[in-house]
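Here are a few notes to read alongside the model. Have a look at it first, then come back to the points below.

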Amino acid sequence: MNIVITGSIAYDYLMHFPGDFMDHVKPDRIQKLSLSFLVDDMVKQRGGCAPNIAYTLALLGERPLVMGTAGEDFPEYGAWLESHGIDISAVKVVPDVFTASFFATSDEAQNQIASFYTGAMAYARELSFYDLSQPVDLTVVSPNDPEAMDKYPRECRELGIPYLYDPSQQVVRASGDMLRAGMQGAHILIVNDYEYELLKDRTGMNDDDIRQVVKQAVIVTHGAEGAVIWSANDTGSTGRDWEEIHIPAATPGAILDPTGVGDAFRGGLLKGLALELPWAECGRLGSVAAIYVLETKGPQAHTFTVEEFTARYIANFGEDAATKALYNRSDLV
Ligand SMILES: Nc1ncnc2c1ncn2[C@@H]1O[C@H](COP(=O)(O)OP(=O)(O)OP(=O)(O)O)[C@@H](O)[C@H]1O
Ligand SMILES: [Mg+2]
């Protein structure tokens, strides 16, 4: 299956301050703030929704195409993605700007001061599905430059490309109109529980209204509680009804860092779609993929073979259509 994943491409610079920010904030001086913290630890992580989702999907044996914009500091990131089986031919490198970057400093009390630099991501609106030469079976519209997130669903509808609409953290800043337009005609909608409530507030739509405009499935993730999938069943002349499927979370070992857990869930889910599995199995694949990210630091620090993944799946959910499909793959041997 040719899967195109659009979304942010970013670096995360995470720093640690061995003290308490509040000890350095003078209440009588806050009119003119100038603070500098000497940090003792910094990590630079590869992130961004599109590569995060693509990374897990590629570990599962697919070859997704990432469509997005990055800056002049992208070559080493691109090489890493390519070496993991991700097609980066639709990543446009914008000269003279940096890749979108998240800078965050945390202190001993878990306070955080952060900035997100949009950088090359602001150019994502210039990319177009009309310029893609390869056939597309399914697209993911994940958080990105707001204008790009408005444009891609529109183009997908015009071109008849099925898309999974994943506004996630961008729900916070998107307008009701934009969210309504994105959901209208989407094959699949996926958000977490908090974002789902916000989505309903922003659009003034209720559960039924949302299911009216989404074609195949509405998926809401609930952290450690798992996820719920509402899947549409065609009932012929009476239209369609919705089946509610509960997807349990898988059991992680030590939880090190939740960053990217949602993206990994999407990667697993997409593998299920690529294998044309029933929704329950697609969701379980998402649950198993997610725990790998919880157990490692960063959204692309996990690794597994398809055999290891399948064993983990069986340990959590037993044998089913998903394990059968994973075992049947020629890339297993
Ligand atoms: N503590 C946990 N234990 C087991 N599985 C988890 C846990 N937290 C998340 N998951 C899995 O990951 C999925 C997505 O989690 P969640 O709903 O927290 O996404 P999110 O809020 O979008 O995450 P992100 O912080 O990456 O944006 C869940 O449906 C579940 O399968
Ligand atoms: Mg999320």
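1. Both faces of S4 are covered: Leu65, Met67 and Thr69 are buried on one side, and Val66, Gly68 and Ala70 are buried on the other. Buried here means that 20 or more other C-beta atoms, placed from the backbone, lie within 10 Å of the residue's own. In a regular strand the side chains alternate between the two faces of the sheet. All six of the six residues of strand S4 (residues 65-70) are buried, so the strand is largely enclosed by the rest of the structure.

2. A word on provenance: this is a predicted model, where local features need pLDDT of at least 70, side-chain atom pairs count only at pLDDT 80 or more, and totals for chains, interfaces and linings use all residues. Residues are numbered from 1 along each chain as its sequence is written, while chains are lettered from A and ligands numbered from 1 in the order in which they are written.

3. Which strands pair with S4? Strand S1 (residues 3-6) runs parallel to S4 and is joined to it by three bridges, with Ile5 partnered by Val66. Strand S5 (residues 87-93) is also parallel to S4, through five bridges, and there Ala70 stands opposite Val93. Pairing takes at least two DSSP bridges; strands (E, at least two residues) and helices (H or I, at least four) are DSSP runs, numbered from the N terminus.

4. Now the ligand: 22 residues surround ligand 1, the closest being Thr221, Ala224, Ala249, Gly262 and Ala290. To count, a residue's C-beta atom, placed from the backbone, must lie within 6 Å. Helix H7 (261-274) and helix H8 (279-294) each give two or more residues to this shell.

Note on methods: Buried ≥ 20, exposed ≤ 12 C-beta atoms within 10 Å, placed from the backbone.
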